[in-house]
Amino acid sequence: TGSSRPQRMLKAVQKNATKGDPKSVISAIDYYCRHKEWAMNVGDDKGLILDSVLTEVNPSTALELGTYCGYSSVRIARLLSPDSKLITIEFNPAFAAIARQIIAYAGLQDKVILVEGASGDLIPKMKERFGIKSFDFVFLDHWKDRYVPDTKLLEDCGLLKKGTVLLADNVICPGAPEYLKYVRNNPRYESRYYPSNLEYTKVEDGLEKSVFLE
Ligand SMILES: O=C(NCc1cccc(CNc2ccc3[nH]ncc3c2)c1)c1cc(-c2ccc(F)cc2)cc(O)c1O
Ligand SMILES: [Mg+2]
């Protein structure tokens with residue numbers, strides 16, 4: 001049978017990017033997805049917002065829900081200080097297999113811990129498995145109907161601390177209306193919407209940044 005979209009994305013990285021150069025991996029994926037074949041990476045436009053929030057937070061421990069092919073893992077990990085870590089959770093084994101290779105091609109495998117499984121199962125195990133006390137930064141980019149239950153789970157597991165920043169992709173397209181209601185009407189969060197567009201298109205989308213206050 002033929003190749004998959006993630007496999008073709010990996011080939012484009014191996015062909016057009018320089019090994020060990022995260023910037024060239026990001027550019028190769030953006031070029032491929034803009035000119036050859038769309039894919040659900042956070043992309044270059046929303047990626048600039050992700051970069052600026054990350055630079056502001058400078059997290060020691062970051063969590064990503066929804067690795068896909070590792071594009072945002074590379075964007076996040078390239079900006080982490082030495083000794084800082086990104087834990088990224090991916091449910092789909094085929095996506096995880098490609099993501100590992102793209103993260104390794106960028107030379108960032110020592111900063112990224114990719115865990116296969118469902119967020120709902122893995123979040124309660126974060127403390128015991130990875131010695132995480134709390135996260136400084138969380139990027140939500142997995143199934144949109146999991147944003148609210150997983151945010152509540154992070155709260156209940158004591159994995160959020162005063163100042164933890166949650167950044168959620170796709171709050172307009174495909175949309176996460178319950179999540180917006182949850183964080184915007186909640187005294188424990190200070191939320192702000194960053195307008196942008198759906199990756200590689202002119203369709204409106206954006207990121208919601210929510211700071212945990214308690
Ligand atoms: O739906 C989206 N992404 C999530 C997603 C989607 C599929 C599979 C997975 C499997 N990975 C997975 C699942 C559950 C999980 N639990 N814990 C980890 C974990 C990991 C994840 C998405 C869609 C569009 C989009 C599509 C079409 C369109 F027209 C406009 C926009 C744009 C995006 O930027 C998107 O992010
Ligand atoms: Mg997304």
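Predicted model: local features only at pLDDT ≥ 70, side-chain atom pairs only at ≥ 80, totals over all residues.

Trainee: Which residues coordinate the magnesium ion (ligand 2)?
Mentor: Asp141 (OD), Asp169 (OD) and Asn170 (OD1) coordinate that ion, at 2.0 to 2.2 Å. Along the sequence, these donor residues follow the spacing D-x27-D-N.

Trainee: And where do Asp141 and Asn170 lie?
Mentor: Asp141 sits in the loop between β4 and α8 (147-156), while Asn170 belongs to the loop between β5 and α9 (171-175), so the pair ties together parts that are 29 residues apart in sequence.

Trainee: Is Asn170 buried or exposed?
Mentor: Asn170 is buried, at a relative accessible area of 3%. Asp141 is buried as well, with 13%. Both values count as buried because the cut-off is under 20% relative accessible area.

Trainee: Switching topic: how much space lies in the largest pocket?
Mentor: About 440 Å³. The lining involves 24 residues, and those closest to the pocket's centre are Met40, Gly66, Asp141, His142 and Trp143.

Trainee: How many cavities of 30 Å³ or more does a search of the whole structure find?
Mentor: The search finds 1, and the space in the largest cavity is about 40 Å³.

Trainee: What lines the largest cavity?
Mentor: Its lining consists of Met40, Asn41, Val42, Gly66, Thr67, Tyr68, Gly70, Tyr71, Ser72 and Asp141. Sorted by class, that gives 4 nonpolar, 5 polar and 1 charged residues.

Trainee: OK, cores now. In the largest nonpolar core, which residues touch the most other members?
Mentor: Ile29, Ile76, Ile102 and Phe137 do, in a core of 44 residues. Among the elements that each supply at least two residues of this core are α1 (5-16), α2 (22-35), α3 (43-57), β3 (112-116) and β4 (135-140).

Trainee: Which residues is Ile29 in contact with, leaving aside neighbours within four places in sequence?
Mentor: Those contacts are Met9, Val13, Asn41, Tyr71, Ile102 and Tyr200.

Trainee: What about Glu155, is it buried or exposed?
Mentor: Glu155 is buried, with a relative accessible area of 14%, and is found in helix α8. Not counting residues up to four places away in sequence, Glu155 touches Leu160, Tyr182, Arg188, Tyr189 and Phe212.

Trainee: And where does Ser73 lie?
Mentor: Ser73 is in helix α4 and counts as buried, at 0% relative accessibility. Its contacts, with neighbours within four places in sequence left aside, are Glu64, Thr67, Leu86, Thr88 and Ile103.

Trainee: Last one: where is Ser3 found?
Mentor: Ser3 is in the segment before α1. With a relative accessible area of 42%, Ser3 is partly exposed. From Ser3 to Pro124 is 35 Å, C-alpha to C-alpha, and the two are 121 residues apart in sequence.

Definitions and conventions
Residues numbered from 1 in each chain as written. Chains lettered and ligands numbered in written order. Heavy atoms only, no water. Core = buried A, V, L, I, M, F, W, Y, C linked by side-chain atoms within 4.5 Å. Buried < 20%, exposed > 50% of the residue type's maximum accessible area, 1.4 Å probe, protein only. Helix = DSSP H or I, 4+ residues; strand = E, 2+ residues; numbered from the N terminus. Contact = heavy atoms within 4.5 Å. 1 Å grid on protein atoms, 1.4 Å probe; cavity = no way out; pocket = protein on both sides within 12 Å on 5 of 7 lines; lining within 4 Å. Points joined across faces, edges and corners; volume = space filled by probe spheres on them. Nonpolar A, V, L, I, M, F, W, Y, C, P; charged D, E, K, R; others polar. Donors = N, O, S within 2.8 Å, 3.2 Å for Na, K, Ca; no water.
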